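Hi,

Here is the structure I said I would pass on.

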Amino acid sequence: MFLGISCFKQPLRLISGSSSIGCQLIGIFLKGMLGIPFGNEAENAQIDLAISLLSIMIAIIVAIISIKAPASIRRYGLLIGIVIGWIAFNLTFEQQGAVSQTASSSMALFPLGKPTWDTGIVITTVLAGLLNTANKFGALKGTDSIYRAETSDSQYRSSFTITGIFTGLSGVLELVPYAPYVSSIGFLNQTGIIRRLPFILGSFMFFLMGIIPPIGHFFSMLPLSIGSAVLFVSYLQLFNSSLSFFRQVEFNTLNIYRSAVPLFVGIIIMTFPASYFNTLPDFLRPLLSSGLLVGIILALILENGFDWNRT
């Protein structure tokens, strides 16, 4: 863990991760704005022009509020966009169906199945853990400028410990694990709210959504296109994080390869359709088909395999 901390805290490791994560998330939200569903249904989906126009209008409204509105109103730009977009969507189209969910009368351990050893799954999990590690370092390092304080090694270790505990419990109880993500920086910059109390209240509200089904059912009816449009504007702030990392490095014609290779290779892989990777072995497919993972691994190899200080 300590080697990982010293490795990922350097700006060059984080530039590719932050940029690739931003490209991946923006691409996902843009598809949602165009009315393209997530998952396997997206393979044969087509752009819904009417939904796309409404989503683009909502994105423009949120962007204008974020740029032109006073600070007291700007921090609520995302909420205003969701409310206006949700109402406009329901008045224009049919009401969005709620996310399907399976009712359970009791809590059971290992609802996804008893633990078994599968080498392919283990390798995929380790590689996915590498991705989450990059997300965590990017999230913590990216908030240094917001809080005007550098994240200490003890804070990195504490974050890893807490995240590891929640991730282990999530597998036992079939829950979504807690983990800090680089995307959170966009919300912090957008709202300007960095105190703990609002996040504690927000966590409590999520808790209420979980224990009171009607509340969770209501919010699950938020149209995908509207949520994607609002998040699209918010996550544009990730570009600011990437630029902040770039400013910490003095590039030349030689060390530019440290960031250019993983960044461009990762982004290009993101544009490839899933069918390109069907010929690869099952245990390699999750790794090589993820532009984000490939970019991070290339960044680590280039950063540790060459002595760039001598160039």
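**Aromatic pairs and a few other spots**

Phe272 comes out as partly exposed, with 36% relative accessibility. Keep in mind that this is a predicted model.

How many aromatic pairs are there? The count comes to 6. In one of them, the ring centres of Phe218 and Phe219 are 5.2 Å apart and the planes sit at 75°, so this pair is edge-to-face. Phe272 also has a ring partner, Tyr276: here the centres are 5.3 Å apart and the planes are at 50°, so the pair is tilted. Tyr276 itself is exposed, at 52% relative accessible area.

Next, the surface. Tyr76, Leu79, Val83, Ile87 and Leu91 make up a nonpolar patch there, and together they have about 540 Å² of accessible area. Leu79 belongs to helix α5, which covers residues 77–92, and counts as exposed because its relative accessibility is 52%, where the cut-off is over 50%.

Is Thr163 buried or exposed? With 9% relative accessibility, Thr163 counts as buried. Thr163 lies in helix α8 (residues 153–173), and its side chain reaches the backbone oxygen of Ser159 at 2.8 Å. Leaving aside residues up to four places away in sequence, Thr163 touches Lys136, Tyr178, Ala179 and Pro180.

Cheers

How values were computed:
Residues are numbered from 1 along each chain as its sequence is written. This is a predicted model: local features need pLDDT of at least 70, side-chain atom pairs count only at pLDDT 80 or more; totals for chains, interfaces and linings use all residues. Side-chain values use heavy atoms; hydrogens and water are left out. Patches are made of residues with over 30% relative accessible area and no salt bridge: like charges are joined within 9 Å, nonpolar side chains (Val, Leu, Ile, Met, Phe, Trp, Tyr) within 5 Å. Accessible areas come from the Shrake-Rupley method with a 1.4 Å probe; for residues, only the protein chains shown count as cover. A salt bridge is a side-chain nitrogen of Lys or Arg within 4 Å of a carboxyl oxygen of Asp or Glu. Helices (H or I, at least four residues) and strands (E, at least two) are DSSP runs, numbered from the N terminus. Buried means under 20% relative accessible area, exposed over 50%, partly exposed in between (1.4 Å probe, protein chains only). A polar contact is a pair of N or O atoms within 3.5 Å; within protein, one must be able to donate a hydrogen and the other to accept it, and residues adjacent in sequence count only if both atoms are side-chain atoms. Contact means heavy atoms within 4.5 Å. Rings of Phe, Tyr and Trp (its six-membered ring) pair if their centres lie within 6.5 Å; planes under 30 degrees apart count as stacked, over 60 as edge-to-face and the rest as tilted.
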